[in-house]
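Here is a friendly set of notes to read alongside the model. Take the points one at a time, and keep the structure open while you read.

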Amino acid sequence: MNKILAVILVLAVVILGGYFLLKSGVVQAPNGEIEGKVEETPTMGMPVPGTNTPEMIVETESRNVIIIYTDLGYSSNTLNIKAGDTVTFENDSSLSMWPASAFHPTHAAYPTTGGCLGSTFDACRGILPGESWSFKFDLAGAWKYHDHLKPSYFGTVVVE
Ligand SMILES: [Cu+2]
C-alpha cells in the first residue's frame, strides 16, 4: 500500500515539475518581441550559461532611424539614438546630397579611419535624389554632420 502511495507521489512531483518548467519558459511573440521570463544580464545577445536553447538568446535591439533630406536641409537638427543604431539619410530633395561627418572639409570629427577623407562617417559621393545612404553609429558622442555639397545644411546625431 505504501509503495503505491510513493509511486503516486513521485508521479505527481514529476508532472507538476514539468508543468511549471514549461510555464516559466520564454515565449516568442509573433512581432519578434520576447515575452515572459527575460532577465537583464550584461551579456545581451549571448546565451545565458546553462540555458543554451535558441529561445533563450536575447537579441540586442538595434534600430534604423531615418533622416530625410529636402531642399530645406536635414529633417532633424538633433537626433538621439543608441550605440549600434543605423541612421539612413534619405534624399527627398531635387539635388544630390553628401552626408558626412563634421568638419567641412576634413570630415574627421567621427573618429574612425578608412573613409574617403577623414572618417568612415562619410557617404564619399553625391547621393542622388530618391537614393539613400546609411551609417551605423557604434561610438557614443555628439556627432555633427553636414552636406558636403552644401555645408550650410547640417545636423547632430547624439549617440548614447
Ligand atoms: Cu564637407
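1. Please keep in mind from here on that the model is predicted. Thr86 has its place in strand 6. Leaving aside neighbours within four places in sequence, Thr86 is in contact with Arg63, Asn64, Val65, Ser134, Phe135 and Lys136. Take Ser134 from that list: Thr86 and Ser134 are 48 residues apart along the chain, yet their C-alpha atoms are separated by 6.6 Å.

2. Now step back to the whole chain. How many helices and strands are there in the chain? There are one helix and ten strands. The chain has 160 residues, and 28% of them count as buried. Among contacts with a separation of 6 or more, 51% come from residues 24 or more positions apart.

3. Next, the nonpolar core. In soluble globular proteins, nonpolar side chains tend to be buried together. Here the largest nonpolar core has 23 residues, and the residues with the most contacts inside this core are Phe89 and Phe137. Two or more residues each come from strand 3 (64–70), strand 5 (78–81), strand 6 (86–91), strand 8 (132–136), strand 9 (141–147) and strand 10 (150–159).

4. Which residues is Phe137 in contact with, leaving aside its neighbours within four places in sequence? The list includes Ile81, Lys82, Ala83, Gly84, Asp85 and Val87. Further along the chain, Phe137 is also in contact with Tyr110, Phe121, Trp143, Val157 and Val159.

5. Aromatic rings come next. The count comes to 17 aromatic pairs. One of them is Trp133 with Phe135: the ring centres are 6.0 Å apart and the planes are at 20°, so this pair is stacked. Both partners are buried, with a relative accessible area of 15% for Trp133 and 9% for Phe135. Ring pairs also link a cluster made of Tyr69, Tyr74, Phe89, Tyr110, Phe121, Trp133, Phe135, Phe137, Trp143, Tyr145 and Tyr153. You have already met Phe89 and Phe137 as the residues with the most contacts inside the largest nonpolar core.

6. Here is the metal site. Which residues coordinate the copper ion? They are His104 through ND1, His107 through NE2, His146 through NE2 and His148 through ND1, at 2.0 to 2.1 Å. Along the chain, these donors follow the spacing H-x2-H-x38-H-x1-H. The angles among the four donor atoms run from 91 to 144°, and the site is irregular. A tetrahedral site would need all angles between 85 and 135 degrees.

7. Is His107 buried or exposed? His107 counts as buried, because its relative accessibility is 0%. His104, at 39% relative accessibility, counts as partly exposed.

8. A word on the disulfide. A disulfide is a covalent bond between the sulfur atoms of two cysteines. In this model the count comes to one disulfide. The bond joins Cys116 to Cys124, with an S to S distance of 2.2 Å. The link is left-handed, with -95° about the S-S bond. Cys116 is partly exposed at a relative accessible area of 39%, and Cys124 is partly exposed as well, at 31% relative accessibility.

9. Finally, two loop residues. Ser76 is found in the loop between strand 4 (73–74) and strand 5, and counts as buried at 14% relative accessibility. Not counting residues up to four places away in sequence, Ser76 touches Ile67, Tyr145 and Gly155. Pro111 lies in the loop between strand 7 (99–101) and strand 8, and is exposed, with a relative accessible area of 53%. Leaving aside neighbours within four places in sequence, Pro111 is in contact with Leu139 and Trp143. Pro111 and Trp143 are 32 residues apart in sequence and 9.8 Å apart in space, C-alpha to C-alpha.

Methods. Residues numbered from 1 in each chain as written. Predicted model: local features only at pLDDT ≥ 70, side-chain atom pairs only at ≥ 80, totals over all residues. Heavy atoms only, no water. Core = buried A, V, L, I, M, F, W, Y, C linked by side-chain atoms within 4.5 Å. Buried < 20%, exposed > 50% of the residue type's maximum accessible area, 1.4 Å probe, protein only. Helix = DSSP H or I, 4+ residues; strand = E, 2+ residues; numbered from the N terminus. Contact = heavy atoms within 4.5 Å. Donors = N, O, S within 2.8 Å, 3.2 Å for Na, K, Ca; no water. Tetrahedral: all angles 85-135°; square planar, octahedral: opposite > 155°, others 65-115°. Disulfide = S-S within 2.5 Å. Phe/Tyr/Trp six-rings, centres within 6.5 Å; stacked < 30°, edge-to-face > 60°.
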